[in-house]
Amino acid sequence: MSKKRGCKFNDDLRSEFPFIKKTKSDYMVKCEKCNGEFSISHGGKNDISKHLETQKHKRYLNTAASSSKIQEFLRKTTYGDEEKKLALAEGLMSFHAINHNHSFRSMDCTSQVVKKLFNKKFACARTKSEAIVCNVLSPYAFSELNKNLEKINFISIYSDASNHKDIKLFPTIIRFFDSETGINIRILDFVSLPGETSEIIFSSIINILEKNNLKHKMIAYCADNTNANFGGKARRGTNNIFYKLNKNLNQNIIGVGCAAHIIHNAIQTAADLLPVDVENIVIKIYSYFYIYTVRVEMLKEFCETAEVEYQKILGYSKTRWLALLPAVERILKIYDPLKSYFLSQDKCPRILEEFFEKESSKIWLEFVHNQAALFQNAIKLIEGDKISVIEVANEVNNLKFQCQERLENNFLPLTIRNSISQLEEQGAINRADIMNHVKKFYSNCIDYLEEWTVHYNDIEHFHWVTLKQELNWNDVQKSFDHITQNFPYSNISENDLFNEVSLLKKYIDKEKVKSWASAKITIENKWLEIFHHFETNHVPYNNALKIVEYALSLPGTNAATERVFSTVNKVWTSEKSQLSVETLKAILCVKYNLTNSCEKFHDLLNNDSNLLKKIHSNEKYAKE
């Protein structure tokens with residue numbers, strides 16, 4: 001009897017069952033779906049069919065149907081259109097989180113939502129988004145800033161310190177003017193220092209300037225009016241940052257103190273000379289009511305009796321004296337009910353009792369309220385980020401002028417004059433005594449502003465840059481003399497400058513000046529319009545540009561630094577206690593140096609293949 005021949009795995013079976021593969025011999029096969037091995041020597045195709053009906057094979061098929069292949073979730077090393085779209089989405093969402101003050105932790109949830117709704121491969125939770133911001137977007141922002149600074153002739157530096165628990169934070173902010181983008185305020189660096197002595201801060205600023213090759217371009221230092229920064233109002237002494245910068249840079253940089261602080265302090269010191277301590281009275285009244293519901297309800301009854309609408313008593317911030325204005329205004333609105341309330345109390349605080357017993361008290365409240373409004377308006381005009389020291393000097397001079405006019409004319413509002421006349425007839429007050437205090441107030445304001453704004457003399461030759469009137473060569477020439485004497489490296493050609501100013505005068509005629517004034521066009525936008533017109537028509541302007549750069553690079557106040565600290569407080573909250581200074585620096589750099597909207601940043605990313613490749617690459621997890 002002959003031996004029965006076994007079945008083999010042939011081409012027909014291979015074609016019908018592509019997931020079945022031959023193994024050690026022609027008789028043994030392996031199922032790639034369930035990894036099961038079996039023999040087909042007896043039944044051939046029938047053996048395969050029996051295998052497909054086994055519980056093991058069916059179980060593996062069910063499992064595979066309910067899960068995706070792991071390859072679908074792994075990032076490919078190749079970089080094609082699909083990878084580009086994914087990198088674009090991840091970079092944009094990371095930027096979006098920073099731009100809107102979202103935490104990296106929030107990206108855990110955002111990533112899952114995007115994955116569910118749009119792309120199951122999208123994965124940009126806290127770790128990846130932080131890596132993208134710190135190691136891709138932030139270096140890119142600094143790189144772009146440095147490229148812009150290469151073509152800039154002059155820069156100014158802002159500096160200030162703020163405490164975050166036991167950490168002293170020092171942002172170094174830079175301001176410059178670009179003929180295409182206008183006034184730019186960017187973060188140059190952000191460090192933590194062991195203290196805030198003049199030597200420590202000076203060394204930090206110099207190191208940052210040297211690292212970015214900007215020492216020869218620095219023309220101004222802007223900071224608070226402290227002794228460590230400027231050496232007092234006279235700016236004397238050698239142990240202050242301003243003196244050390246001038247000595248190290250070997251050039252006469254301009255020191256710009258914070259005009260907002262000067263105006264605040266001017267009215268505060270003048271108010272201290274008045275017969276009534278308005279600040280203390282406001283604090284006492286506020287503290288008497290702010291947590292006592294019973295007292296507030298009783299005051300409401302006094303308001304109803306006097307037919308006066310009740311107004312909630314306000315407090316104020318001691319660091320900003322003019323924040324007192326709304327608090328004083330609120331007290332004046334319900335002054336009569338307040339007076340009746342306190343004088344009816346058996347245990348009224350002595351200082352408040354004496355205040356409300358004096359007939360002249362309301363006069364001084366009204367006087368302070370009226371003067372505070374004048375100073376507050378000046379503050380509002382100079383606190384913009386992009387305002388220049390030239391505009392600030394004009395506003396301060398205008399404030400001094402108004403105070404001088406009030407002093408010379410013994411100015412008092414009508415309501416106060418009427419109250420004085422009425423109380424004088426009753427013999428309750430002495431008009432001469434009231435006016436003596438009023439004159440002292442005005443005089444003190446003028447003296448304080450004069451003493452603390454002497455440094456504005458350094459920029460008196462640049463007021464023509466505001467373009468409030470037609471150009472005059474003599475004014476421009478004085479600006480040229482100032483710059484070349486203090487910054488000889490500027491390389492401004494006087495002959496070419498004269499020719500350029502002649503062409504400027506043709507463009508800036510009376511009608512143009514008038515139209516700018518009626519439309520309230522800012523100085524920045526006036527010059528952007530001019531330079532764009534000259535560039536389009538191939539008219540030379542490089543020498544004039546340098547003088548405008550110099551003038552518009554000079555900051556007016558230190559408000560830009562204060563705004564950075566406000567952002568730090570929003571970003572570095574108690575819930576983000578693990579945030580490092582380096583990560584905070586990256587966040588601030590992206591937020592302040594990449595000023596695009598999220599929509600425009602999408603377009604920027606989409607057109608920058610190198611940036612997208614860095615976002616896609618695993619190199620973003622490795623710090624440089």
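Two strands count as paired if DSSP finds at least two bridges between them, and strands themselves are DSSP runs (E, at least two residues), just as helices are runs of H or I with at least four residues, both numbered from the N terminus. With that in hand, a hairpin links β6 to β7 through three residues. The model is a predicted one, so to speak of local features takes a pLDDT of at least 70, side-chain atom pairs count only at pLDDT 80 or more, and totals for chains, interfaces and linings use all residues. Residues are numbered from 1 along each chain as its sequence is written, and side-chain values use heavy atoms, with hydrogens and water left out.

On confidence, pLDDT is the predictor's own score for each residue, from 0 to 100. The protein chain averages 89, and 95% of its residues reach at least 70.

Strand β6 (residues 167-178) and β7 run antiparallel, joined by 11 bridges, and Arg175 sits opposite Ile185 in β7. Of the 12 residues in β7 (residues 182-193), 10 are buried, so the strand is largely enclosed by the rest of the structure. Buried here means under 20% relative accessible area, exposed means over 50%, and partly exposed is in between (1.4 Å probe, protein chains only).

Elsewhere, three strands make an open sheet in the order β1-β2-β3, with antiparallel pairing. Its edges are β1 (20-22) and β3 (37-39), each pairing on one side only. Neighbouring strands are turned by 35 degrees against each other on average, direction ignored. Three bridges hold β1 against β2 (residues 28-31), and Lys22 has Val29 in β2 as its bridge partner. Across β1, β2 and β3 lies helix α2 (residues 45-52), running at about 145 degrees to β3; axes are lines fitted to C-alpha atoms, for helices over the stretch in contact, and angles run from 0 to 180 degrees between N-to-C directions.

Then there are the nonpolar cores: sets of buried Ala, Val, Leu, Ile, Met, Phe, Trp, Tyr and Cys residues joined through side-chain atoms within 4.5 Å. The largest has 162 residues, and those with the most contacts inside it include Ile285, Phe375 and Ile530. Helix α16 (residues 361-382) gives the most to this core, with 11 residues. Apart from it lies another core of 26 residues, among them Leu209 and Tyr221.

Conventions: Contact = heavy atoms within 4.5 Å.
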